[in-house]
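Please keep the sequence and the 3D view open while reading.

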Amino acid sequence: MADENNPSGGGNGGGSGGGTGASNGKNGKVGLVERVTTGVKDDIQALKTDIPAKAKEQIEGLKDPTKTQVYTSIFRHKHDDTPRNRALGVLSNVFLHLHPAKINRDAVRYSYTWGMGGITFYLFIILTYTGVLLMFYYHPSKVQAFRDVLYLEHDVPFGKILRNMHRWAAHLMVIGVWLHMFRVFLTGSYKKPREFNWNIGVLLLVFTLLLSFTGYLLPDDQLGFWAVTVGTNMARATPLLGHEGPFGSMLGMTPYNDVRFGLLGGSIVDANALLRSYIWHCIGIPIVASVLMIVHFWRVRKDGGISGPAPVVLEAEADKPRRGPKAAGE
Amino acid sequence: MDWRQLWEICSAPDNVPIVGLIPLLAFYIYLAVKQARANDVLIEQLEADPAMAKTHHRKTWPFKPGWAKEVHVWPFLLRIEFLAAIIITIILMIWSITLNAPLEEPANPNLTMNPAKAPWYFLGLQEMLVYFDPWIAGVVMPTMIIIGLMVIPYIDTNPLGSGYYTWKQRKFSISTFMFGFVILWVAMIIIGTFIRGPGWQWFWPGQTWDHNRLIYEVNRDLPDLFGITSNMAKIVFGAIVVGGFYLVGGGAVYSLFRRKMPKDFQRMSLLQFSLMAFLWLTMIALPLKMALRLLWHIKYVWITPWFNV
Amino acid sequence: MNKKTGWAGITFVVVALCALLVLAACSKKEETPASSPTAEQPAASAPAATPIDPATVASINGTVKFDGPAPKAPKIDMSQDPGCKGMNEAETYVVTGGDLANVFVYVKDGLGNRTFDVPKDPVVLDQQGCRYHPHVLGVMAGQTVQIKNDDPTTHNIHPTPKDNREWNESQPPSSPAIEKNFAREEIMLPVKCNQHPWMKMYINVVKSPFFAVTGKDGKYEIKGLPPGDYTIAFVHEKLGEQDQKVTVAAKDTKTVDQSFKPAAE
Amino acid sequence: MPEKPIPEQDPITGKSFAIHYLIATVILIGTLFWALYDEAWGQRPWKAFQDQWKDRYSAFLNTAKSTSAKSEQSVEQDPQYAALKQDYEKAYESSKAKGDEARKKLDDASARLLAVQSVFTDRRAYVNALTYELETSTSASAKASKQKDIDAYKAEQATVEFPDGTKKKFTFQQLEETYNEIRDERTRLSLELGDVLKPVTAAKAKMDDYISDHMVDLTPAQIEGLKRKTTDWDPKIVQINVAEANIVDRCESCHMGTREPLKITEAAMTSKGSKKPDEYAQAFVSHPEPDLLQIHDPDKFGCSPCHQGNGRATTSIEKAHGNYEHWLWPLYPKENSQAGCQSCHSADMVLASGDVQFNTINNGKDLFRQRGCMGCHRYEGYDKEPEDLNSVGQQIKQIETQRKENVKNTADLMKQADAAESNDVANELNTKAVDLRVANSKLDGRLQQLDFQSHSLMQDQKKVGPNLKDVRLKLNKNWIPVWLKKPSDFRPTTKMPNFRLTDRQIQAISAYIWQSAFTDELPKHKPGNAAHGKELFEERGCLACHSIGEGDQMQGGTFAANLSRVGEKANYDYLVRWIHNARQRTRPYCPYEKKDIGPEDYAKKGLPYQFDLDHSKCPNDGHELQVQNMTVMPSLRLAPEDAEDIATYLMTQKKQEPSSYAAAPFMDDPALKEEGKKWVRFYGCGGCHEVSGMEDEGRIGTELTFEGSKPIERLDFALFTEVAQRGGKGSEPIKDKDDLARLPDGPAKDPWYDHKGFFEHKLAEPNVYDQGMVKGETEALRMPNLHLTKDQVLDLTTFLLGSQETSLPQSYQYKPGDARHDIQEGWWVVKKYNCMGCHQFIPGQRTILMGLKQYQDVQEQLPPKLLTEGARVDPEWLRKFLSNPALSATDTNRNGVRPYLKVRMPTFSFSDNELRKLVRFFQALSQQPLPYIPEEVPTLTAKETDMARSLFSSTAAPCLKCHATGDPSHDKIATAPNFLLAKERLKPDWVERWITDPQAVSPGTSMPSGLFKAQDNRYVFAGPTPPTFNGYAGDHRKLLTDYIFQLTAEEQRRVAASMPRAKAAVQPSSSRRRAAVETHHAASGGSR
C-alpha cells in the first residue's frame, strides 16, 4: 500500500482516499486506515517545508508594496523617483491633473502666489463637505429652521464644530478671494492672455459673496433676519425694477411685484425667503460657481499656467512682441 | 475711553474675520511692496546696463545656470499645497473649537435690531447708503464695481508688469486699485463695522455706543446752497454739476495722461480711454461725496422728481 | 525676496490668527473636579457632654419678691357650673407677705450642649374644684404630663402653645387620666378649659432638669447643678421674664433673689 | 538679489519640507484630539457633574442608610413588631415539615415529568411529521400506507428512564397519558405547597408592612437600591421630552437629585473640607417642594415651563440657565422663581397647594390690585368689571335689534299667511311666526339676565381710592394740598402714591377736585362717646383691614387705610355716615348720561329722591345707575349711636389740630380749575378715584399682561442702558436713601440689564429712568412712587417677570372647566373683600386678627375658620347668610350665627354675581357637588329621642353649657352657636365628623375632641353613658346628630331648664371674668 502512494501524490492522497478505499473494499478497514494515516503523515511532512517557503515568498513580496497586485490595481504606474514618474504622477492623477507636470521654478514661491487661489478652493471643498453634513439636520422652514440650529448646537454629535467650521470657513473664503484678487492685480496677471479668466474670477468673487449672504439667513435668527432685511431693502431701490427706485413706480412697480419680491418670494423676509435662500445657497449658486471654477482652472492651464513670476520687462522692450529675453535664463 | 465697548465690538464673533483681515492685509501689502521694490531696483539696474540686461535672468531671486528652469509639480509644488491645506485645516479647527458661530434670538420682524447690520463684507455698501440713495449705493454702485473690475483687463493697455510685482511700471493702475480696494472698500467696511453704532451714527473707537444718543444734523442739498428753488432749475443745476464733474474730471485725466503717461495714452483707444476716465471719476466721486456729506452736510447734488444724486 | 519671507509669512499668519482666536474666544472655564468629593457627614450627634460629677454639683436657691402692694386677687364666680362649688380666686398674682409665688425659675443659658435624660415619672396636673393644681408647672421636654380630673364635671384641656402642637380634649368626670408630652422647649405655655373660662394654667417645657417654681413663700431651689456660668431666668405669667447671671463653683450653694415690679397698667 | 551670494544648491529643489510637515502634522493631530476632547468633555460639563454626583450621593446614602438602619432597628424593637415576628416564626416552624415534604414531592414529580417529556415530545414530533405527510398524500394507497406507518410507530414501545433509575416501556398512547397524568399531579402539588406556605408568606408580608408603615424615611433596603442605582450609573444625558409642548429639558443631567425620594440639602452635598457649597453641591439638591412635583409631573411638564432657561443646552451652566445675551427666557432667579407659576396660573388669584402658599406671587397679585396698579395699567383679568359692563351693553343692544327684527318678521309672516294661497303654505308661515315669538320670549329672558348682569357689575365695580366727588363733604380743605405734596409724609403706609407734584400742580389739582365736588348738605350728628368708640373699633373687626398707630405701635391690617391721623383730615358728619354705611352715595351717577343725578332729576319725574340697590334705575331714562360708593368697605350693621361713637373716637386720632393747616384759598380760584383738570387727567387720577368729569377716562399706563416677555430692548433704561449692562461699582442709579432701601438686593453691583433689574428699579424709584434727562412737565415719567418695601418690590417684580406670553399649548394653562374653576373665580372675590383678614381659608394661613394682641389669650373670640365651610353648611343657607349675616331683617345689630363673638361679620352687599361665585367657591373648595341635595335625617323614635336627650344633657357631654340657647342670660356666657340653626344651616355628615374630632376640622376650636371613640365599627360616647344606653347597638354619634337636627326650640328650652346650671346663672356677679364683663359691656353699648 505504501508503495502505491508516491510522494508527489501526497497532496491528493486524502482527497481520493474514499475512492481507493472503495476499490480495495476487500482489503478491509485496516488497509484503508493505514493508507489514510500515512497520507496524513506525508502531508504534514510536506507542510513543514512548504509553509516557510511560502511565508518567505510572501515577506519578499511585501518588501516592495508597490509591486503587489492591490497596489498596482490602484496606482497605475510605478513611482520610482524619476522625472518621468514625477510628471506622470501629476498628469495621470485625476485629482492632480489640473496642474501641469512642470512649472516655472519660481512659481512655487509662496511670497509670489500667496497661495490664495488654492486655499480658497480648499475652503470651498471644506464648505461643501460641512454643508452637506449640515443639510442632514436642517429644514428650511420657519417652524423648524431655528430649532434645527439649536438641535445642531446641542444635540448632534460634532454638530457645533460642524456649524462653526462652516461659518468660519465661509468667512475665510471671502477673505481668501479678496486677497487672491488683490495679488492677481498687483502682479498684473489679468493682462493678456488672461483677461477672460480675470472676468471669471470677478464673477466667482460675486458668487462667493452671494453664497455667504444667502447662508446668513438660514439659522433664521435676528442676526440673519436683519442682515438680509437690510441687504434686500436696497433692492427696493433698484432703478426701474424696484418700487422705490428711480422710475420704478412709473413702471408700475409695487412691493408685490418688484425685484425684491422676486428675491424674497414675498414682500417681507419670511418662509419663502428662507426657502429661496436655502435653494440658492445649497443648489443654485454652488452649481454655477462650480462650473465657473472649472472654467477658471481650465483657463489657468490653457493660458499658460500662472502668470509668473515672470522675468521683468523693461520699458524699452514694452512694445516688442516677445515676453522676455529668451537667452536670459540660459 | 470705553475699552469694554471696543472689546465688545472686536470680539463679536462675526467681526473677528475683519479684525483678522486688517493685519493680514497689512502683511500682504508689505510682502507685495517689498517684492515690487526689489523688482524696480532690478529694472533700474538693467535699464542702466544694457549688457547686463542681455544676460541677466531678470528675476530678483538667485539663479545659477544649470538649475532647472522648470521644476516638477510633484513634489515641489504639491508639497506646499498640502502643507497649506494642513495649516488651513488647523486654523479652521482651532477657530471653530474656540469661537462659536453667532446665534441670536429667533427672527422677530417686530423687534428691530439697532444697529441692524448686513454681513461684514457688505458693510461697505451699507456705509455707502449714508452718502447715496439706495438705488446708487445698493444697485448702481455694486454693478459699477463688478463691471469696473471686469473691464480692467480691457482698459489697462500697459503691457508691462505682467507676472511680477512692480510699482514703477504701473504707477497709475496700482495706485488706483490700491485706492479702490484698500482705501474705499476695506476702509468702509471697517467704518461700517467698528465706527457705526446704534442709529448708524458715527462713534469713534472707544466711544460708548449709546442707544439714546441724539445728533442734530441738518443736511442740505447743493442747489439750496445756491438758492435755487424751482424744480426745473434744480434738475438743470444738478445735471450741470454732475456733468461738469465728469467733463472737467475727464479733462484733468486727459492732461494727466498726456503729460505723465504719454505712452499709455497712446496705446489707448478712445473708447478705452473714456471708459477708464468714467470709471475712475466715478470712483473718485465716492470719497468726494463722502467729504461733501461729512464735512459740509450736503446730501444731494442733483435733485429730480425721479431720483436724487 | 527669498523663501524665508514666504515661510515667515505663513508662520506669521498662523500665529496671528491663533492669537486673535484665542483672544477673541470666550474664556472657557475648565471643569476642575473637587479634590475629595465625599459628602459631608451631617453632624449626627453632638459631642458627648461631659458627665456631671455628682461630687461637685452645686445648688441655687432664693426668694422671689413682689415690690409693691399685693394686687387683690379678683374673685371668680363659678356658679355657672354647679359642679365647681362656690367661689374662687384668680391666681395670676399670688403674693403673700411680699413673696411672689408661681414664678418659673430655670437655667436659661450656660449648660452648653449637654443633654439630659428625661425622667420616666410623669408630672401630674390635677383639676380639682375647677382649678388647676399646680397653676404653674415645669416639665422636661418629652416628659409625660398626666392630667387628671377630680371634679364631678366635664373639663376640656386646651393648651394653646406657640412652639408645640395644639390640642383640645374633653375629659368627663372620673375618666382615666390623659397622658401627653411636649417635645419642644416653651416657656409659659397656656392651658385652659373652654367650659370654665377662668381655668387657666401654664406649663413650662425646658430641656434641662434645672428648674423650679416658687412656692407661696416665694422660695425656690435648683439642685444638682454642675459648676459654671449660668443665666437664670425668672418668668412670671404676667410680669414677664427677668434674667440674672450667676457663677457657681463646685459644691457651691448660691442664693439668687429676684424681685418683680408691678406691671404698669 | 545680486548682492547676496548665490547659494550652491538650488534652494527650490534642494530644500526639505520634512520638518514643516512634521510640525504641521503634530499640530493637526493635536487639534484633532482637542476637537475630540471638546466634543466628549469640553462641551459636556454635565459629565463632571454626574461623576461628582455618584461620589457624593453614594456617600450621602451611606450616612442615610445608617440612620435608616437605626430607625429600622428601633421599629423592630417595638413589641408589636416582635409579636408579628413571633407569629411569622411560629407559622414558619409549624409549616416547615409539611412544606418540606410537599416541596420534595413536587421536585420528584417535576423530575419524572422531565423524563417522560423528553421522550414524548420526540415521538410526538415524529408522529406529527408523518401525519402531515398523510394529510398531503394524494393517492388513497399512499394514505393507507402512511396510516399504517403511523399506527406501527404508535404501537412501538419507547423506553423512558425515570430519575430513580427504573426503566419503563410505553406505547405512544400510554406515553401521552402518563405525560398528562404527571403534569396534572405536578400542578396539584404546587397548589398544595402554596396552601401550606400561605400563612408564612402572610405573616412575612405583615411584618414587612409594619416596618414600611412605621418608618418615616426609606428603609435601608430602599436606600440600598438607590445606592446601587447611583453607583451603576453610566454618564448620560437625562432628558424630559414632551413633544406636544415642545419641551426638551435636560436639566436633570446636572440636577441629578431633583426627584430623589430623599431630602438632599446643599450642606449634605458639599464635599468634605470645603466650607462653602460649590456649584456641584448647589446643583444636586432635591426639589424644595416635592409635593409640587406630584401635581406637576416633571415627565409631563418638564422643568423649563416653570423655571425657564434653555432646557436643551448642556454645554455650560450659563447656556443651560439661559443667562446669555440672546436667550429670551433666562432662568428665573431663585427669589423670583414663583414667577413661573404665572405662565399657567395667570387666572388664579391665590396659589396654594395643600398648606403651602406661594406667597411671593400671591402677594404680587394682591399688591397689583390693592395698590391700584390696575387703575393705570390694564392687566388681563384685573378690574374687568368696566370691560364686562361694556360687553353686556353691546349684547343688550344686539339682542334688542334682533328682537325688533323678529317682531317685524312675525307681523310680516302672519300677513303673508293670511293671504296665502293654500292652507299648507299658510300653516307653514304661521308656524314660523309662532316660532319667532317663542324666540323673542327667549330673548326677553336673556335680556332680563343681562340686565341683572349689568346691575351686578355696576355693584361690583370698585375703585382703590375714595370718591373725590365727596371731598367737600368729607375733608378738611386745607389738608388736601399738604396731602398731595407727599402722601407718605402724612401717612407712611398709605396706598396713595407720591406723584412728585410741583406746588403749582398741587394747587391746580386741589382746586379742580374741590371745585368739582358735590356741595350737598350732610345730616348733622351729635358727638359720641370716644371711649366706647375705641372699644367698638377694636372689637368689631375694623382692624382686620384698617390699622391704627404708627411705626412699631401699628396694629391691624394693611388692606385699608391707617387711621392714626384721620382726625386731622376728616369731617365728623361724613365719617359717621361712612362708618354707618360706607356705600351710601351722595348722588347717584348715570354712566349713560355721564352725569351725577340730583334730587331735581327725580323731582322732574315726580319720583322720591331715593336710590339704593333696589332703586337703581335712572329717573331720566331708566338706565342702570351707580348707586353705591365704589368702595369695598362693608357695613358693620352698627347702631347709629355706635357709628357716632367710633367716629368720635377716630376724630381724636390726630397729631395736630385740623385748624393748624395753612389756609389754601387758591382752591376756590376758578382760574386754576381748568389747569387742574388737565393734571388730573394727565396723572390718571380717575384710575383709582371717582373724579367728576373723569368717569370715562381710560388707563394711562401701558398694559402689563405680557410685560415679562417684552423684548429687553423695549424696556427703556434711558441713560442707564450702558450702566446696567456693565454693572460694577457705581452702576446703581438710585441715589435717594429711602428708594435705595426698596431694592430687594440692595444697590446694584452686578449687571442689571434684564427684566428683573428694570422692574425692581422702576418699582423702587419709578422716575429713575428720568434721571439725567431733560424733560418737560408733561414728558416726565408719570408713574408715582408707591413707597413699597423691599419685599413688596420683590413680590411685584416676581409677578411681572411671570407675566409672559407663554408658548405652552392651551392644554397646559390652568383653566379648569369643573368645580376648580369655581375655586379660581371665588378667590378673586375673597381677595377683593379681604375675607382672609378675618377668616382662615387655607390650613396654616394667618389672618390679620390672629396677629392682634387682644386675641392672643382668647383665640375662641376669633372669627370662625372656613377650612371646610363648604362641607359644613347648606349652600342655600350660605347664600342667605352672605347677603345678610344678621340672618334677620330687623334685628341687625348682631351676628346671625355667633352672637357671642364681639367681632362682627359685616354686610358686604355682594351682588348676585359675587354671591353665586362665593357659594360655589366654598362648595368647590370642600369638594361638594352642586346643587346640594340634603341628606335625609331619620326621625328618631321616642326611645331614641330620650336616649339622645339624656346624652345631650349629661354631665359628661354638657352641650348646652357652651352652645347658645336663645335665653339671654345664658347666651351671655355662651361660646358656641345655637343648635336650632343646625337644621337649616349644617350638613349632617359634617356634624358627625365635627363632633368626633373638632380639632381636625377647625384647629384651635373651643369644642374639645375625644367625645366619641371608635368601637366595633361604630362610634360610642367616650365618657360614662346614661343608663338608657345599655344594650343600644347603634352609633352614638349618629344618634346625637339626628337629635340635633330634630331639635325644636321648645325641646331645647326643656333640656336647658333641666340642666342644673340654669339656676346658678340667675344672679349675675359683679366680679365676673373679664370676658363676661366685656360681653355685658358690648350688650349695653348696643342698647344705650
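How many residues of domain 1 of chain C are in contact with how many residues of domain 2 of chain C? In this predicted model, 18 residues of domain 1 of chain C are in contact with 18 residues of domain 2 of chain C, where two residues are in contact if their C-beta atoms, placed from the backbone, lie within 7 Å.

## Basis of the model

The model is predicted, and local features need pLDDT of at least 70, while side-chain atom pairs count only at pLDDT 80 or more and totals for chains, interfaces and linings use all residues. Residues are numbered from 1 along each chain as its sequence is written, and chains are lettered from A and ligands numbered from 1 in the order in which they are written.

Of its 265 residues, 34% count as buried; a residue is buried if 20 or more other C-beta atoms lie within 10 Å of its own, exposed if 12 or fewer, and partly exposed in between, with C-beta atoms placed from the backbone. Among contacts in chain C between residues at least 6 apart in sequence, 65% join residues at least 24 apart.

The domain assignment of chain C gives domain 1 (52-109 + 209-265) and domain 2 (117-207), with bounds that come from an automatic or database domain assignment. The C-alpha centres of these two domains of chain C lie 19 Å apart. On the side of domain 1 of chain C that touches domain 2 of chain C, strand 6 (104-109) and strand 16 (211-213) of chain C each supply at least two residues, and the largest share, three residues, comes from strand 16 of chain C. By class, that side of domain 1 of chain C has 11 nonpolar, three polar and four charged residues, where Ala, Val, Leu, Ile, Met, Phe, Trp, Tyr, Cys and Pro count as nonpolar, Asp, Glu, Lys and Arg as charged, and the others, Gly among them, as polar.

## Chain A and its interface with chain B

For chain A the domain assignment gives domain 1 (7-63) and domain 2 (111-305), and the C-alpha centres of these domains of chain A lie 72 Å apart.

Between chains, 95 residues of chain A are in contact with 83 residues of chain B. The elements of chain A that give two or more residues to this side include strand 1 (102-104), helix 6 (116-135), helix 8 (159-186) and helix 9 (195-217). The largest share of the side of chain A that touches chain B, 16 residues, comes from helix 8 of chain A, and by class this side has 57 nonpolar, 23 polar and 15 charged residues.

## Helix pairs in chain D

The axes of helix 4 (residues 79-136) and helix 6 (residues 172-214) of chain D come within 7 Å and cross at roughly 160°; axes are lines fitted to C-alpha atoms, for helices over the stretch in contact, and angles run from 0 to 180 degrees between N-to-C directions. That angle makes helix 4 of chain D roughly antiparallel to helix 6 of chain D (under 35 degrees counts as roughly parallel, over 145 as roughly antiparallel, 65 to 115 as roughly perpendicular and the rest as oblique). The residues of this contact of helix 4 with helix 6 of chain D divide into 26 nonpolar, seven polar and 14 charged.

In a second pair, the axes of helix 17 (residues 385-418) and helix 18 (residues 423-460) of chain D come within 8 Å and cross at roughly 160°, which makes helix 17 of chain D roughly antiparallel to helix 18 of chain D. The residues of the contact of helix 17 with helix 18 of chain D divide into 18 nonpolar, 11 polar and seven charged.

## An enclosed helix and an exposed loop residue

Helix 15 (residues 359-370) of chain D is largely enclosed by the rest of the structure, because 10 of its 12 residues are buried. Among them are D:Asn362, D:Lys365, D:Asp366 and D:Phe368, and what covers the buried residues of helix 15 of chain D includes helix 32 (790-802) and helix 33 (819-832) of chain D. Just after helix 15 of chain D, D:Gly372 takes a positive phi of about 75°.

D:Gln77 is found in the loop between helix 3 (46-76) and helix 4 of chain D, and D:Gln77 counts as exposed because it has 9 C-beta neighbours inside 10 Å. From C-alpha to C-alpha, D:Gln77 and D:Val768 are 67 Å apart in space and 691 residues apart in sequence.

How values were computed. Helices (H or I, at least four residues) and strands (E, at least two) are DSSP runs, numbered from the N terminus.
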